[in-house]
Amino acid sequence: MFPDILGEPFANKHTKLQIAGKVVKRLIAEGREALPDEYTALLAGCGSRIIRHYPAVRAPRMRHAFQWDGRELIATLSRMHKEGHRWLGVLHTHPAAPPVPSSLDQTHWHYPQLSFWILSFSGEQPELRAYQWHSGRFQLRPFELC
Ligand SMILES: [Zn+2]
């Protein structure tokens, strides 16, 4: 349906994952607004560089952030495609837990080529971490702001 939508942010080992500072600011603001519920967004851009986010607007009060409404996921990917971006990752918040993938996160993650982001509000400051599913587990990946 969207042949080129899936990006490969980790394809080039020498290119560090990047995320726009303004996107991070919005994610923190919107994630905080959603508290005490979880918040989730798709992350998009080009290559290894994330420059846009698409929050789930119709997400029900979720037990788990990955329960995207199927139609909304398709609609969001379609918008992303029209806007010329590729899908590079998924972010969700941990309102009260550290930014470490839970066992649910592990069993619900079906896009190993994408980046997996957790934004935690459990500490004094929001903490953002990026992971890659590699060799059967999540591995922490460095990223820089752009
Ligand atoms: Zn989680």
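Colleague: In which helix is K22 found?

Modeller: This is a predicted model, in which local features need pLDDT of at least 70 and side-chain atom pairs count only at pLDDT 80 or more, while totals for chains, interfaces and linings use all residues. Residues are numbered from 1 along each chain as its sequence is written. Helices (H or I, at least four residues) and strands (E, at least two) are DSSP runs, numbered from the N terminus, and on that basis K22 is found in α1.

Colleague: Does K22 count as buried, partly exposed or exposed?

Modeller: A residue is buried if 20 or more other C-beta atoms, placed from the backbone, lie within 10 Å of its own, exposed if 12 or fewer, and partly exposed in between. K22 has 13 C-beta neighbours inside 10 Å, so it counts as partly exposed.

Colleague: How far apart in space are K22 and R52, C-alpha to C-alpha?

Modeller: In sequence, K22 and R52 are separated by 30 residues. In space, their C-alpha atoms stand apart by 9.0 Å.

Colleague: Within what arc do the buried residues of α1 fall?

Modeller: The buried residues of α1 are V23, L27 and G31, whereas G21, K25, A29 and E33 are exposed on the other side of the helix. The cover over the buried residues includes β1, β2, β3, β4 and β5. The arc is that of the directions from the helix axis to the C-beta atoms. Seen down the axis of α1, the buried residues line one face of the helix, because they fall within an arc of 60°.

Colleague: Which residues does V90 touch, not counting residues up to four places away in sequence?

Modeller: Two residues are in contact if their C-beta atoms, placed from the backbone, lie within 7 Å. Leaving out residues up to four places away in sequence, the contacts of V90 are T40, L42, L43, L114, F116 and W117.

Colleague: How many residues of β5 are buried?

Modeller: Two strands pair if DSSP finds at least two bridges between them. β5 pairs with β4 in the parallel sense over six bridges, with H94 opposite S120, and it runs antiparallel to β6 over five bridges, with F116 opposite Y131. β5 is largely enclosed by the rest of the structure, because its buried residues number five of the six.

Colleague: Which peptide bond is cis?

Modeller: P36 is found in the loop between α1 and β2. The bond has an omega of about 10°, and the two residues joined by this cis peptide bond are L35 and P36.

Colleague: What is the phi of S135?

Modeller: S135 is found in the loop between β6 and β7 (137-141), and it counts as exposed because it has 6 C-beta neighbours inside 10 Å. Although S135 is not a glycine, its phi is positive, at about 50°.
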